[in-house]
Each structure stands twice: as C-alpha cells, then as structure tokens.
Amino acid sequence: MTVLNLLILVCLLYVVLLFSVAFAADRAAMMGRGSWLRSSVVYTLSLSIYCTAWTFYGAVGFAARSGLEFVTIYLGPTLVMVGWWWTLRRLVRVGRSQRITSIADLISSRYGKSNLLAVLVTVLAVVATTPYIALQLQSVTLSFAAFAETDPEAGTLPDMQSTALWVAAGLALFTILFGTRNLDANERHHGVVMAIALEAVVKLFALLAVGVFVVWGLSGGIGPTLDRIETSAIARFEVSGSRWVGLTMLSAMAFLTLPRMFQVLVVENEADEHLRTAAWAFPAYLMLMSLFVVPIAVVGLDMMPAGANPDLFVLTLPLMEGRDGLAILSFLGGFSSATSMVIVAAIALSTMVSNHVVMPLWLHYSGMAAVVSGDVRTVALMARRLSIGGVLFLGYVYFRMSGGGTALAAIGLIAFVGVAQFLPALMGGLFWRGATRTGALAGLTLGAAVWLYCLFLPSFGPSAILPQSVFDHGLWGQGWLRPRALFGAEHMDPVIHALMWSLLLNVSAFILGSLLSFPQPIERLQGAQFVNSFDHPSAPGGWSGGMAQSEDLLIMAQRIMGAREAQALFSAVAARQGVAGYLPEPSPDFLQELERALAGSVGAATAHAMIGQIVGGAAVSVEDLMAVADETAQIMEYSSQLEAKSQELARTARQLRQANETLTQISVQKDGFLSQISHELRTPMTSIRAFSEILRDTEDLSPDEQSKYATIIHDETVRLTRLLDDLLDLSVLENGQVELNIQTGTLEALLDRSVRAAGGDGDGFRIRRVRANEQVELTTDLDRLAQVFINLISNARKYCDAKPAILNIRVTVSDGQLVVDFVDNGRGIPTDKHAVIFEKFSRIGQTRVSGAGLGLAICREIMERLGGEISYLPGQKGAAFRVSLPLTVEYMTAQGAV
Amino acid sequence: MSPERTPLFLARRTYRRRRLADAARILPLIGGVLFCLPLLWKGSPTSDSTVQSLIYVFGLWVVLILASAIISRHLRLDDNERDGTRSEHEETGGT
C-alpha cells in the first residue's frame, strides 16, 4: 500500500469521523444532553478557525521569508482576547440581546436596520472571503500534490483541479448538512462547532508534533536549535516598524471583523462566561501554534533543497525524513485548518447572503402572497443552502482562474485589510451614540473603494485588471492617484499603504458623515441600545401595537419559523400575559420579542420590514425618545414616572376617603330620615287614634262635637295622605324612575296656573309680576315645573310674615338660561340654614304652619330631572329662590332611565 | 448627573473589583507597547538577533497569558451593571 493510498484512506476515515462527531453532537444537543457542548473549552477551540491553512502552512513560509514578522498575525488576536473587557464583552452582549446573525446583521441593526448597509457589508465580505476560500483549496491540493510527488509508485499525478473540486464538493456537503440544519442562527450549530473543536485539537497537535520532531529529532534539542537560528538567513531581526505595528493592528482588527470569526466569537457564543476562559486560553493556543514556527522554518531552509516551497516545510520535512505517519498527521492538521475555516466562512457568508440579499428580494417579488405555513422558512433554508454552494463554487472558480499561483499566497493579508473596513462602523456603533447610518455608509464605501483600488485589484498583477499605465501614472494620468502611492506616499509596503489610506479615509468619512447627518428615530433608539447595552438589557420597544393583529402576526411567524415553533412562542407569551389561547395582546414588548425571534431566522432588517408590513410602520413613541435621551433624562424619566405613580396613588386614596365620607353621611341621613318619617307619621296617627277613641267611647257627644272630631280625623288623614304622596313622589324622583311629560307652553300661562293653584293673591298676600318678561316659549315637563312654582309660591304665602306680604316673581333670560326668581319681603332664611333647606324634613324654626318639610326637597329633585337647578338666593332682604332652566335642552327622558 | 447616583467611595470589595477591571482594560495596552519593544533594538550590534527577540516575544506572551488568566478568573461578569456603565462612559470618552 503506497503512502498516497494510505493518505487517501486516512483522509476519508478522518472525514467520516468529522461527520459522525458533528452528527453525534447535533443529536446530543437536540436531546438536551449536550451541556458539555456549551463549555468554554469548546468555545475557545472553535475560535481556532482563525488559524487557517494559510497560518498552518503559511506561517512557516512567512517566517522563512521575513523572520519573526509572522508572529504579528497572532499578536493582534492575542491583544484583542486579553483586552476582552473592552470590546468583546460588549460585542457578545449586544449580539445576544439583539439576536445578531452576522456582522452584516449587526451593522445594519445598529444603524436603524438598514438593509442597504447590510448588502454593502455582505458584498464586501464575499469579495474578501472568496479568494481566502480559494487559498484553502489551494493549500489542500498543494499538500496533496506534495505527497504525490514523493510517491514513486503513483503513476499518474492526481489532477490538482479535480482534487480541489472534490474538496470543495465535500465541504459544501458537510456545511449544508450541519450548517443549515436549523434556521435560527441563534440556535447554535452544535455539530459544526464540535467538529471544529476537534479539528482545532488535531491541527495544534499536528503542528506541535512536527515542531517537537524538528527540534529534538532533527536539531538535537533546544540549544542546538537556537544556535541554528543564529546562523540562519533570518538570524537578524530586520522587521520594519511600520509592518510590525501595522500587521499587529491589522490582525487585531480582522480578528473582530472577519465574518467567520464574528460567527464563532459572537453568534455561536452561548454565555459571557466563556469569554473569561477564552481570554487566556485562546492566546495560549495561538502561542503554542506559533511556538515552533521559526525552528521549522530555519531547519527547513537548512535541510531542504534550494527552491523548495517554504510554505510546505511542515509537510515536506517529515516526508523527506521518511516519517510518513508524522507527515500524514501534518497533512491532517493542514486539512483541518482549511476545512474548518471554509465551513464556518461558508455558513457566515450564506447567512449574510440569504438574509440580506436573497430574502429581501424574494419577499419583494412574492409580496406576502403565498401564505403557507413555513414557506418563508423553506425559502430561507433553500437560499442558505444555495448560498453555501455558491460561495464554495466562487472559491473554486477563483482558484481555477488564478491557476493556484503565488498570487494567492498574498491574499490572506489582502482579505484582512478588506474586512478591516467594517471596524469603524462596528466600533463606532458600539461606543459612539452619534454614529449614524450616513456616516457608516460613507466610511464603508470609501474604505472599500480604496481597498479595491490600492490593494485588491493590483494584487492580480499589472495589466491583469488595472492597466500598467494606472500603476505608473495613476488614474486618468493623475500622479497622486497611483494605487501603490496614493497622495504621493511612495516606497511604502503595499499592505500597510492600503491599510493606512483605506482606514484613514474610512474613519474620516464615517466621523464626518455622522457629524453632518441627523439620525432617524429608530437609529437613535438602536444606537442607545447598543451603546448602553449594559444599562438597559431589556430596552424599550419600537412598535406601537395598537394596530397590529395578533392573528396576522401568527400567520407570518408560522411562515418564517414553522408552525410549531411559532405557536409555542405565541402561546408562551399569551400565558405570560394571562391570556388563554394562542393570540397574545400585540403589546410593544411582545412585538419586539417577536421581531428578535424572527431576526434570528432572517436577520434584523428583514424581520423589521416584515413586522412593519403588518403593524404598519415602526412607531417610535415619546417614551422611546425619552429613552434615547441621555442618562440624566433617563433618571428624570424614571423619577417622573414614580412621581406620577405616587400622585395617582394619592389621588385614589383621596377619592376613596371622599367616597367613604359620603357613604357615612348617607348612612347618617338615612337614619335621620327614618326617624323623621316615624315621627311625621306618628303625629297624625296619634291624633286620629285619640279622636276616634273619643268618638267611639264617649256616649253623649253633641253633633257639633262629633262633626268637629270627625273633621279633625279627616284633616289628619288628608295630611297623612299628603305626606305619603310627597314621600312617594320624592322616592320616584330620587330613583330616577320619573317619566317626563314634555310639553310646550309659555311661561306666562304656566305662572298663571301656578299662582291660581297656590291660592292666588289676596288676603294680605300680593304677587308682583312683569308679564312682558314672561313671554317665553318653554319645552319641558310643564306640570312638574308648575309643581315647583306652586311650592315656592305657597311657601311664600305660608311663611312670609311681612304685612302686607309681597312676592316678586322676576323673569330673566340670559345665555340660553331661563331664570325665575321668587323673592318675598319677609325675614328670609338665616344664613346657617341655607345649606339644609333643600334637605328632606328640614323646616326652619318653629313652624307656624303644618308641613312635612318635603316640598323643597321635591323641588330640587324635579329641577335636577329637568336639567335645571333651584337654589337659595341670598342677599335679597327676604326669602329668595332662584329657579334656572336651560331653554334649549332635549329634556333627557334618558336621564329618567339612568 | 445627579449627585446621589454613585457614591463617592466604595466598599473594599467593590473597590478591588473596579481596579481589577481597570487592570483588564490596561493589560492589552501594556502588551501592545511591550510587543513593540524589539523594534528599538534594531541596528544595535549586540541585541538585534532573532533568537533574542524570539525569547523576549514568547516570554512576554506567556506573561500576558498568565496575567489575563489571573485577572479574568477574578473578574466577575455579573459585576453590578452600574459599575460597568459608569466605566463604559469613561471609555466612550477615551476612545
């Protein structure tokens, strides 16, 4: 069995192992047994996709060419991880609270859920990552070819292109199988992460094994190895300062902004706690990965024939020494590096492409027409699968087009500079409330343009895309626009040159654009939530749910999440709200929760647009804007809310006290009323009984006496009847059961009738009227009004003690009110009695005339029913009553029904 | 900002935690500066060898990892949020 065949076999077995590990992890997670899947160790190991084949093989090549400089690629991420308290902590927190699915999603979400930004980020990410994927394919094919070369029995060399194709196809299969198992990007890809963690162990182990073999096996220990370095071609530390600092910064930036790094760092993160372990464990991993790079490079330079590719020393050194097992392990390490990077990059890119490009287009063209449960979900999954295939296919095409040449080797740093363009928008969005969408768009566009022009396009070589004349004389012959010497910055390293200019211009445009533009309310809201992510973990909602229909929302959610998940979410929220069934109240809180849940599936911008379609536009309420205001305003808001609450409480307490007082008074009144009634009834009853006993028991009564006593009994029963009539009347009025008999007539006629009924004038009682004023047409219950007038006139007749008694009846009409005053010339009513005269059984002083004291109480009730009022008019020398009544009122019979 | 919002002085434990967070923030800056130190040795006839830089860089790396491990171990993520926000605002001013 040849080494090549063995390699193929081992490789296939390894792939089978990866598939089964991923499958087992997915199964365990699904059955809820996978708590160890979410450990910080797995998280740390998954971060190792930073170390691609480019670093596995390329670091040695890098070191062989420029010494210790290679280490900058690892120092940047080390510093970022060590400084996790600054940025990563916040990034992870925001990513989880906003259910972020990708870096494009985060940036778009921060800047008002702008899909334009998301598309821009997605395109730039695809452009920067595709060559990187090609680079991984190349490394696998190159390492495979290295094996084939050493194998004399392999008759025909395997075609490099076909190897790459097979690898690409296998990776696509794996990624589609385990990367798109569930739609919700927030339900982590346990299988993928687990496989990656395994690959991380394999590649670290492989590189360490090769390193140990080189140091102790080939060089004879640490001391001799160091001596060897001293005498090698890279003995002197000749790193340029700008490259050292620049590359460290660049790798730090790329560590945060590479789509695949963002995927494992933020999207797949389960808990903040994992960061604490990764903060030291990942730097340790990086340190171990780079520990033996320089020795391997030096020994390789020393022992390998001149012209051997230093990028493959990790593989060719063991092969040359006949250590086939070690070589195969080393191959597996490189294979692991390449595949894990491609898998995660494909997942990250496919999420971005499907969420921000395919789904919006599909939703736009299909509208909300096809309403089938889960149809959006199907489309989204399909879009994601196709995107994965597409991304890998693009990588393969790029690999074929470039011919696998040395141009690819440089693409790593070029891609870093490309994705570093996201950093200003990302960090600005996390730390600066004033960052706006306009600024982010301007910065990203300008930075990406400079990157394309100064680094990416020139990387294809002169005359490939940019003509030679542009290199020599600049765009349109403008010397200051030369891609390698922008603004006259000549003799700079191309990567550092492009990095400097692109980021400078990017940041400047970002800041300037932000300063000059004014953000929309939703942008300000998101900005506040992102920057104050530790302040307001549950931030205010952006939806006003009044218009939203829960049923429509459920239908839409079912389309995206699938029927079961959507119904589970809805019924959970309904239960929390205390509503039975599946349809919760569309409260702002619920809408925001739903939007986040949907964002986990289709991205923030699409989810926002879809909810907006149903709810009818995001309403940023006054409360939300208050929340956007700065901290002081926040505190003020809270305290004012508290104040309002306590005021409300005080108000309620006051109302309760009043109600209580009223109840007590009514109770007292009722008692008084009852005792009054008994008293009033007893007096006539007593005399009736006494006189009827006299009539019965006294034998010799004269007819005169008999008739006198019978008259008394009769009078008393009349009085009793009147009293009962009055009581009945009052009770009917008070209970509102009275039916008004609406008629129309003049006031004059009414007063005439009332005066007549009250006994007319005469006998020392005179009534003065001005008839000219009484020509008023009235539409009301005339009988009831007459009852009031009669009562007032007869009261004056009874109680006015002046000689002669004169009653003035004055009529005025003002503001649509008819006012009739009854003023006599008697002593009037003492001030302290004004309040009680309208109460039941109230009689003033020692009455000279009999009466139950119900008249004025009945008058008051009648006037209330008629929509008017009767009141005592003080300051008129005599007793004065004012009856006022609106002239134009629909006398509410309705009121009678109350 | 309302004066009563944050107390002027803190209990000993809170104080320690805050200084620990300060240390966590400053660690990458120190690391960044120290990693640039080999640049200063360039041209010096005695000390610009790759081996020396190699040992220095890896030694510093190990120190950073240890420091980070110690700080992260004692830094609680659920430190009271207010502490976090207060410092966050200082950060905003600083970045």
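The dialogue below goes through a predicted model of two chains, A and B.

Me: What should I know about the model and its numbering before reading it?
Reply: It is a predicted model in which local features need pLDDT of at least 70 and side-chain atom pairs count only at pLDDT 80 or more, while totals for chains, interfaces and linings use all residues. Residues are numbered from 1 along each chain as its sequence is written, and chains are lettered from A and ligands numbered from 1 in the order in which they are written.

Me: How many helices and strands does each chain have?
Reply: Helices (H or I, at least four residues) and strands (E, at least two) are DSSP runs, numbered from the N terminus. Chain A has 35 helices and nine strands. Chain B has three helices and zero strands, in the order α-α-α from the N terminus.

Me: What share of each chain is buried?
Reply: A residue is buried if 20 or more other C-beta atoms lie within 10 Å of its own, exposed if 12 or fewer, and partly exposed in between, with C-beta atoms placed from the backbone. Of the 898 residues of chain A, 48% are buried; for the 95 residues of chain B the figure is 19%.

Me: Which residues have the most contacts inside the largest nonpolar core?
Reply: Such a core is a set of buried Ala, Val, Leu, Ile, Met, Phe, Trp, Tyr and Cys residues joined through C-beta atoms within 7 Å. The largest has 228 residues, and A:Ile107, A:Ile296, A:Val314, A:Val417 and A:Ala557 have the most contacts inside it. Helix α17 (residues 324-366) of chain A gives the most to this core, 21 residues. Another core, of 36 residues, lies apart from it and includes A:Leu747 and A:Ile862.

Me: Which residues of chain A touch chain B?
Reply: Two residues are in contact if their C-beta atoms, placed from the backbone, lie within 7 Å. Chain A and chain B each put 39 residues into the contact. On the side of chain A, α14(A) supplies the largest share, nine residues. By class that side has 25 nonpolar residues (Ala, Val, Leu, Ile, Met, Phe, Trp, Tyr, Cys and Pro), seven charged (Asp, Glu, Lys and Arg) and seven polar (the others, Gly among them).

Me: What span should helix α31 of chain A have?
Reply: The expected span of a helix is 1.5 Å times one less than its number of residues. The 32 residues of α31 (residues 703-734) of chain A should span 46 Å, and its end C-alpha atoms are 46 Å apart, which agrees. Its buried residues are A:Glu716, A:Leu723 and A:Leu733. Just after α31(A), A:Gly736 has a positive phi of about 70°.
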